[in-house]
Amino acid sequence: MADDRFYPPKGFAALEPEFADYKRSRVVVLPVPYDSTTSGWGGARDGPAAIIEASENMELYDIGIGREPYCLGIHTLPEVAVHSGSPEAMIERVEGIVGELADDGKFVVMLGGEHSISVGAARAFAKRTPGLSVLAFDANADLRDSYLDSPYNHACTLRRALEFAPVVQVGLRSATREEHDFIRERGLAFYSPDDYRNAGRAEVVAQLGESVYITIDLDAFDPSVVAAVGTPEPGGLLWNDVCGLLEAVAAEKRIVGFDVTELAPALGPKANAQLAAKLAYRLIGLAVRE
């Protein structure tokens with residue numbers, strides 16, 4: 001009975017069926033409403049739904065890049081059910097799903113949820129992409145080997161990622177002494193916002209391999225830009241800082257997939273979900289070649 005008197009089914013960017021069909025779509029949005037290891041303010045489990053809802057208000061022509069990414073086809077999957085067994089089990093579930101989608105030829109956009117789930121997605125691509133590197137936008141080092149009795153806590157995300165890929169982080173401005181020492185001892189490419197601005201985009205891009213997975217913890221942004229996160233830190237990145245680097249990476253590297261995590265919509269204005277939706281949409285347009 002559904003016709004143009006009815007709103008389309010809920011999905012990223014509220015696309016017409018011809019642009020949201022799974023078989024036709026080159027891009028698949030994977031919502032993962034998980035925040036069981038959150039150590040700051042909670043609520044990231046509500047992030048995927050908020051981002052998808054906000055995306056329905058976007059103009060489908062992105063004036064910033066002069067493209068209409070929706071023409072690639074963007075299919076939105078149902079939310080991934082939470083595995084209550086352990087954080088590791090949840091990460092394995094994510095890895096399995098992302099791997100299946102990648103094997104089916106889809107470009108995967110994962111919406112979190114907390115940052116721990118990024119380990120599963122990035123690991124799925126690392127197993128399929130020799131020489132993969134990870135570009136992480138994050139305010140926190142996330143280099144603890146274990147936190148709150150789990151090596152898969154969201155505070156351990158980049159430590160786990162380093163086990164299967166080199167990591168370049170941009171936006172760093174919070175770390176324990178042990179994490180700071182670990183960065184220095186290993187010579188890791190971790191940039192504070194000022195370091196990034198002083199070094200320039202080209203230096204950051206040069207640290208990456210030819211194939212890149214991008215993980216975006218939204219607390220990389222300054223709280224004046226994105227306040228709706230569980231662990232906000234002052235002195236963060238601005239919209240043009242992030243988008244400028246994404247454009248530079250897309251111009252020189254192959255982006256295999258990405259995620260946007262840690263939006264806790266109840267902790268900030270609705271504009272924060274709108275930014276997250278626009279960011280995901282723009283990165284689709286930059287990363288996926290027509």
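A polar contact is a pair of N or O atoms within 3.5 Å. The model discussed here is predicted.

Q: What makes the pairing of the side chains of Asn140 and Thr231 a polar contact?
A: The side chains of Asn140 and Thr231 approach to 3.2 Å, and the cut-off is 3.5 Å; the pair therefore counts as a polar contact. The side chain of Asn140 also makes a polar contact of 2.9 Å with the side chain of Asp219.

Q: Why is Asn140 called buried?
A: Its relative accessible area is 12%, and buried means under 20%, so the term applies to Asn140. Asn140 is placed in the loop between β4 and α5. Beyond four places in sequence, Asn140 touches Gln169, Leu172, Ser174, Asp219, Thr231 and Glu233.

Q: How do you know whether Asp142 and Asp149 are buried or exposed?
A: Asp142 has a relative accessibility of 7%, and the limit for buried is under 20%, so Asp142 is buried. Asp149 stands at 80%, and exposed means over 50%; Asp149 is therefore exposed. Asp142 lies in the loop between β4 (133–137) and α5 (157–161), and Asp149 is likewise placed in the loop between β4 and α5.

Q: What is the phi value of Asp142, and what is that of Asp149?
A: Phi of Asp142 is near 55°, a positive value in a residue other than glycine. Asp149, which is not a glycine either, has a positive phi of about 70°.

Q: What is the omega of the cis peptide bond that joins Gly112 and Gly113?
A: Omega is about 20° for this cis bond between Gly112 and Gly113. Gly113 is located in the loop between β3 (107–112) and α4.

Q: Why are α9 and α10 called roughly parallel?
A: The axes of helix α9 (residues 239–252) and helix α10 (residues 271–287) cross at roughly 20° and come within 10 Å. Angles under 35 degrees count as roughly parallel, so α9 and α10 are given that description. On the α9 side the contact is made by Trp239, Val242, Cys243, Leu246, Glu247 and Ala250, and on the α10 side by Leu275, Lys278, Leu279, Arg282, Leu283 and Leu286. By class, nine residues of this contact of α9 with α10 are nonpolar, none is polar and three are charged. The crossing of α9 and α10 is right-handed.

Q: What makes α2 roughly perpendicular to α10?
A: The axes of helix α2 (residues 47–55) and α10 cross at roughly 75° and come within 8 Å. The range for roughly perpendicular is 65 to 115 degrees, so α2 is roughly perpendicular to α10. Here Ala50, Ile51, Ala54 and Ser55 in α2 meet Ala273, Gln274, Ala276 and Ala277 in α10. The residues of this contact of α2 with α10 comprise six nonpolar, two polar and no charged.

Q: How do you know that Ala277 is buried?
A: Ala277, a residue of helix α10, has 0% relative accessibility. Buried means under 20%, so Ala277 counts as buried. Not counting residues up to four places away in sequence, Ala277 touches Phe12, Ile51, Ala54, Ser55 and Met58. Ala277 and Glu56 are 221 residues apart in sequence, and their C-alpha atoms are 8.9 Å apart in space.

Q: Why is Asn272 called buried?
A: Asn272, also found in helix α10, has a relative accessible area of 3%. The limit is under 20%, so Asn272 is buried. A polar atom of the Asn272 side chain lies 2.9 Å from the backbone nitrogen of Ala227. Leaving aside neighbours within four places in sequence, Asn272 is in contact with Val225, Val226, Ala227, Ala228 and Leu263.

Q: What makes α3 oblique to α4?
A: Helix α3 (residues 87–103) and helix α4 (residues 118–126) pack at an angle of about 40°, with axes 7 Å apart. Roughly parallel requires under 35 degrees and roughly perpendicular 65 to 115, so α3 is oblique to α4. The contact of α3 with α4 has eight nonpolar, two polar and three charged residues.

Methods: Residues numbered from 1 in each chain as written. Heavy atoms only, no water. Axes fitted to C-alpha atoms, helices over the stretch in contact; angles between N-to-C directions. Helix = DSSP H or I, 4+ residues; strand = E, 2+ residues; numbered from the N terminus. Parallel < 35°, antiparallel > 145°, perpendicular 65-115°, else oblique. Left-handed = near helix turned anticlockwise from the far one by under 90°. Contact = heavy atoms within 4.5 Å. Nonpolar A, V, L, I, M, F, W, Y, C, P; charged D, E, K, R; others polar. Buried < 20%, exposed > 50% of the residue type's maximum accessible area, 1.4 Å probe, protein only. Polar contact = N/O pair within 3.5 Å; in protein donor to acceptor, adjacent residues only side chain to side chain.
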